[in-house]
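Colleague: Please take a close look at one part of this model for me. Walk me through the details and give the cut-offs as you go.

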Amino acid sequence: MIEWRRLNTGIRPVPDPVATPVIWGGASLGALVLVATLNVLGGHGRPMFALVALSLLAALLGLCARFVAAPGTAGLCWLFLNGFAIPPAGQLSWAGGRDARWLACLLAAAVAGTALARVVNARAGYRRVSPLGRRPGAPE
């Protein structure tokens, strides 16, 4: 008789990243809320405040995402920045250098957040599985 067993039982040394569609949903909702909040507080027409806020959002979302989610996250944040933080609201436009720089800034923030999370998780995972690392509950 065949006995089925799970091969991946036990604690995973590195947590799984959140699914890409969930990250993109968070980017859409978060960007909408951030841009709407900034517009209500008088930031309409001042895209630098929105760019900084959306870059922080992209970096925070990158902390729990895969690298493949970074371009979509940056693109969604840029759509809300371009469509609603710059007058006239609701119209997308492409102003060569400016929008390319904004998109690069948002992409860099998303990739930096993801890279930071991977490094931190890898170091923590190495400490958990390394024979030289201190294990929880082990004598010092």
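Modeller: Start with residues 101-120: the span is 100% helix and 0% strand, and its end C-alpha atoms lie 28 Å apart. Helices (H or I, at least four residues) and strands (E, at least two) are DSSP runs, numbered from the N terminus. This is a predicted model: local features need pLDDT of at least 70, side-chain atom pairs count only at pLDDT 80 or more, and totals for chains, interfaces and linings use all residues. Residues are numbered from 1 along each chain as its sequence is written, and side-chain values use heavy atoms, leaving out hydrogens and water.

An unreviewed UniProt entry lists 101-120 as "transmembrane region", along with 22-41 and 48-81. Such annotations may be inferred rather than shown by experiment. Residues 48-81 are 79% helix and 0% strand, with end C-alpha atoms 10 Å apart.

Now the salt bridge (Lys or Arg side-chain nitrogen within 4 Å of an Asp or Glu carboxyl oxygen). The whole structure has one. Asp-99 pairs with Arg-98, closest N and O atoms 3.6 Å apart. Asp-99 is buried, at 0% relative accessible area. Arg-98 is partly exposed, at 27%. Buried means under 20%, exposed over 50%, partly exposed in between (1.4 Å probe, protein chains only).

Asp-99 also touches Asn-82; contact means heavy atoms within 4.5 Å. Asn-82 sits in helix α3 (residues 70-84). Asn-82 is buried too, at 1%. A polar side-chain atom of Asn-82 lies 2.4 Å from the backbone oxygen of Ser-93.

Note on methods
Polar contact = N/O pair within 3.5 Å; in protein donor to acceptor, adjacent residues only side chain to side chain. Lists of a residue's contacts leave out its neighbours within four places in sequence.
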